[in-house]
Each structure stands twice: as C-alpha cells, then as structure tokens.
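The sequence and structure come first.

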Amino acid sequence: MRSLPDLIATGVAGRTVFLRADLNVPLDTAGQITDDGRIRAALPTIAALREAGAKVLLCSHLGRPKGYDETLSLAPVAARLGELIGADVSLATDVAGESARATAAALTDGSVAMLENVRFEAAETSKDAAVRDGLAAKLAALADRYVDDAFGAAHRAHASVVGVPALLPHAAGLLVEAELAVLERLTSSPKDPYVVVLGGSKVSDKLAVIEALLPRADRLLVGGGMAFTFLAALGHSVGSSLLEADRVDYCRELIATAGEKLVLPVDFVAASAFAADAEHAVVAADAIPDDRMGLDIGPKSAALFGTHLRSAATVFWNGPMGVFELAPYAEGTRSVAQDVAAATSGGAFTVVGGGDSAAAVRALGIPETGFSHISTGGGASLEFLEGKTLPGLAALEG
Ligand code: ADP
Ligand code: MG
C-alpha cells in the first residue's frame, strides 16, 4: 500500500487529488454538527496535501440518503472544515455533474473544495458493479490522484472507495495508516490481560466480532442493549428492554463456551419509557419488571466492569453501555470511559472504536488523552478485528 508521503514525493503540486474522507458526522435535529471528531481526524492528510501544493477535492458520504436530501447536505461539514483550516471550502451542489466539474476546475494550488454527499448518487452504493463503475469513472475524471482517508468506509465496496482508486494513482491517507497500525497492534500482539468491552444496541451487529475476539481476550464485558439477549438466554425476564429473540439460542451457546471470560451486567437502570423524564430505578439483572426497559447498566455492574478494566493491559471498547444520549442513562458509559482512562494512565494500550462510542466519550467530556486511540471507524474496525478483508484497503494495494 503506497503511503501519502510516497505519493507526495511523486509530485502533486498543481495536481487535483481526489480525497475520499469519512466526514460522516452526527447532526442534531436542527442540522448542527454534534461531534466534529471525524472532520478533525481528516485534517493531517488535508494539511499534508495542501502544503505539497495539491488541489484538494474532498468526497464523503453523510448518513444514508435515498437520492438528494437537503437535510444531509455536506454544507455544515464544509463550513466547519473551513473554520478548522482557516480557508474557504467551496461545496459543489452535485456529486459528479456540472457543478462538481466547475468546482474542481476552480481549485487553485493548496486550496480545498468538496463534492456534495456522494450517497446522493444511488450508484455509489449500487449492488451492480457496472453502475458503480459508471460513477467511479465520472469521479475519477475530476482528478489526477486518489487518496483514501475514509477508514470508516473501508468495509464498503462503494464506487468512491473501490472504483476510483482502480482508475487513478492512489495512496492511503495518514488516518487510514494510523488506524491500521493500531488495529494491527490489537490483533497481532495484545498484552494480557486483554479486556474487550462491547455494548451498543444490537447483538446481531457484534456476533462476528465476539467470536473473533473471544479466543484472544481474557475478559469480554457486555453492556448496552445487547446485554438483554444474553440475560434472556440465562432465563431472566427483560421487560420491554431491547431483545433479539432470534439470537437467544446463540447467546446461550456463547455463554457456555465463554465460561468466566464473559462478564454480564448484574444490575440495570430500568425506565418506564424510552425518555429522559421517564420514571427510572436501579434493579437487579434478574428482577427487571415487565413494564420497564433497561436503558443503562447499573452502578454494581459499572463497578464490576471497572475492576477488570483498571487491571487491563489492553482494552478494546465498542458500543456505549446505555442510552448515553439521555442524561439519566449516561452514567454506565461515563464510568466505563473513566475506568478505561485510568487504565490508559496506568500504561495500558486502549482503543475505542465505533461512531457512537467515540461520540459518547467526547460528549461526556472525557479527554481524548484518556485513550491510546479513538477510532473513526465502527463497522470497519470491527470487520478488521474479525479478520475480514476490507474492500477499501484491498483497493489500495498494488
Ligand atoms: P457504535 O456506533 O459505537 O458501534 P452502536 O451503533 O452499536 O455503537 O450502538 C449505539 C447505540 O446504542 C446508542 O445510540 C445507544 O443509545 C444505544 N443503546 C445503548 N444501550 C442501549 C439500551 N440499553 N437500550 C437501547 N439502546 C441502547
Ligand atoms: Mg453506531
């Protein structure tokens, strides 16, 4: 895989570099960016290209639009990026049409412009390779070089991730390189005790990673909405908590194979509704009332997880422990974040992966120095840890 410095050494001054980044930031209902971490993560590559005199043409997706959708325009992202780099970032009104061509043509050396949300073109994510290649050809025609810094999209065989690098001289951006170095360290030589913390909403999203990590990890701590399918497998009633009934048998088998490696919550904050102002109380894991839903792990669980985390040498954490977006259910995630940070200051190598998890640690005000690395890629980092080949990385080989 060619590195960015190697590509720059071939001379990029005056050339247009198509930079696929992952600027898929969370937006609130008013369309304001609630966490600009992914934009900031793209800055080193943008700066290196600008310094080398390249014309930087940025491409990203945002959310999952079905065709053009004004609420998922990259306009707030272009504005925020402009603030961060202290220069105007013009935004094309389309992805690969007249405006895109005009925007690319107007670039000057060291300047930055952005194409509109690449998923406004259905071809980007089409299952038909010929359709994707059609869009890739139009995108490649806008530029002379391709740099991929979209680690968070590396597990997608999309036109801008896989098709464009097939048509242009290409390289991995600095973020992709940094992410890979961290994940390789987690897979090849994790120091023991290696503690994996998984949470988030769905167990079905994380089954493959559980299977891949269980043999390597010393402890697997499970919180978040996915914990309830495990509780159901133990025969507990979970009230109206999240439950994936079709995964209960699978979780029962996992509990048996994992033995004491698997650590489940012993208590929960259970609420009468999915709302910040709902009545809520701490209940034991085997005593969730029928009319209540577990929205966070409870204090005893947080303390239990903490004892494992504080003595860990390696930590990988994906998925919040509860509905951290609502203040009454953020304490479990906060506690785990603080214990991971304590492990970090004790010398452990700690990685947080996952869009919502990264947003959670920042929203809870945990300093970024509390973690060895905060990954920008949720699905991508999970698939890498599962041992899968990521199409976006394969496209950069050769
Ligand atoms: P990541 O993006 O870090 O991989 P996920 O997307 O898997 O994480 O899950 C994040 C979501 O899980 C959050 O929006 C959070 O509100 C939700 N969640 C966590 N715990 C629960 C719970 N007990 N019930 C419902 N949703 C939950
Ligand atoms: Mg998520």
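A residue is called buried when its relative accessible area is under 20%, exposed when that area is over 50%, and partly exposed in between. R362 has a relative accessible area of 22%, so R362 counts as partly exposed. The model is a predicted one.

R362 takes part in a salt bridge with E368, and the N to O distance there is 3.7 Å. A salt bridge requires a side-chain nitrogen of Lys or Arg within 4 Å of a carboxyl oxygen of Asp or Glu, so a pair at 3.7 Å qualifies.

A second pair joins D36 to R40, whose closest N and O atoms lie 2.8 Å apart. Is D36 buried or exposed? With a relative accessible area of 12%, D36 is buried.

D35, D36, R40, R80, E83, R362 and E368 are linked in a network of salt bridges. The network thus includes the buried D36 together with the partly exposed R362.

Another salt bridge connects K388 with E386, with 3.2 Å between the closest N and O atoms. K388 has a relative accessibility of 44% and is therefore classed as partly exposed.

How many salt bridges does the structure hold? The total is 14, and the pairs described above, including D36 with R40 and K388 with E386, are among them.

Key:
Residues numbered from 1 in each chain as written. Chains lettered and ligands numbered in written order. Predicted model: local features only at pLDDT ≥ 70, side-chain atom pairs only at ≥ 80, totals over all residues. Heavy atoms only, no water. Buried < 20%, exposed > 50% of the residue type's maximum accessible area, 1.4 Å probe, protein only.
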